[in-house]
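Here are my notes on this one, as numbered points. Have the model open while you read.

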Amino acid sequence: MCKAAHEKQSTLSVIDKDFTILYNNKKEVCKLSEQIVIVYILVIGNNRFAMKNGKVGGAIVAAKEISMAVIKRLPKYYRNLGELLEKQVERISSKELSERMQVTASQIRQDLNNFGGFGQQGYGYNVEYLYTEIGKILGLTRKYHMIVIGAGNLGQAIANYTDFEKLGFVLECMFDQKESLIGTEIRGVKIADVSELEEYMKHHAVDIAAITIPKDHAPELAASLVKWGARAIWNFAPTDLHLPEEVKVENVHLADSLMRLSYSIKKE
Ligand code: NAI
């Protein structure tokens, strides 16, 4: 069994203090072009973007309805702003940001206005401030406890990728059924017997469970994970999961992007 890195109770006591994002589940997300999610954000500062030296005074709670299309673009903003920060860029205009991100400047302004703007006429955006605020909106101000079920090629690749941890997604245990893998470690993360999964979840708060097993057993596994308390599933198995609405599911299918590429370059 993996080490008890976190007691369930202590983790549950961690509350996102700045905001709560209510996402629709995966099924709804698929047909979400016209649907909205409600995002409650604690904005430091006021709605008129009073920003001085990258800091804003006061604090209000703004309740807004944000389209999922906007939410889906936020990781791209976050990534680009992170790269700018690494280059020690302090501020950027919406035009420069739009050139970098290949999104129109008006799109950027519209997107960010959903969250109170963050910009200032003639000044542009304070990169660090915007990065921090978008991080808060995305929920990147805390740690997420993650497990991986299926410690084969893909599971191990995920475990070996250290950047997820930098974003706050901490892989705490992996599970598999293969005897030769059980008891071994990948980058210090132990692989436990999948038969111990239920017991593990009784004692550990699991925020995100990644499914990297063959597709045949994935739906059954996902249903058990939900029953045992997983809040979100990161599904790599090429199959659709039908789970209760309150469970968030992100499907990652590399083959889908390859098919989009093949569509783009195919010869008629
Ligand atoms: P793999 O065969 O290397 O690893 C699968 C692991 O799952 C094995 O270690 C096996 O012992 C374990 N396993 C099988 N059934 C299990 C169960 N019921 N409980 C616990 N462990 C179990 O396969 P690979 O290449 O890592 O692929 C894993 C899954 O990820 C497959 O479903 C594959 O189709 C999918 N995949 C998805 C990609 C994507 O872009 N979404 C990309 C690559 C793979």
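1. Three elements each put at least two residues into the shell around the ligand: α7 (153–160), β8 (169–176) and α11 (254–265). The largest share, three residues, is from α7. Helices (H or I, at least four residues) and strands (E, at least two) are DSSP runs counted from the N terminus.

2. Keep in mind that this is a predicted model: local features need pLDDT of at least 70 and side-chain atom pairs pLDDT 80 or more, while totals for chains, interfaces and linings use all residues. Numbering starts from 1 along each chain as its sequence is written.

3. In total, 26 residues surround the ligand, and the closest are Gly-150, Gly-152, Asn-153, Leu-154 and Leu-254. A residue counts here if its C-beta atom, placed from the backbone, lies within 6 Å of the molecule. By class, the shell has 15 nonpolar, eight polar and three charged residues; Ala, Val, Leu, Ile, Met, Phe, Trp, Tyr, Cys and Pro are the nonpolar set, Asp, Glu, Lys and Arg the charged one, and the others, Gly among them, are polar.

4. Is α11 largely buried or in the open? The number of buried residues among its 12 is zero, so α11 lies largely in the open. Buried means 20 or more other C-beta atoms within 10 Å of the residue's own, with C-beta atoms placed from the backbone.

5. Helices α3 (residues 68–86) and α6 (residues 127–137) have axes that come within 9 Å and cross at roughly 145°. Axes are lines fitted to C-alpha atoms over the stretch in contact, with angles from 0 to 180 degrees between N-to-C directions.
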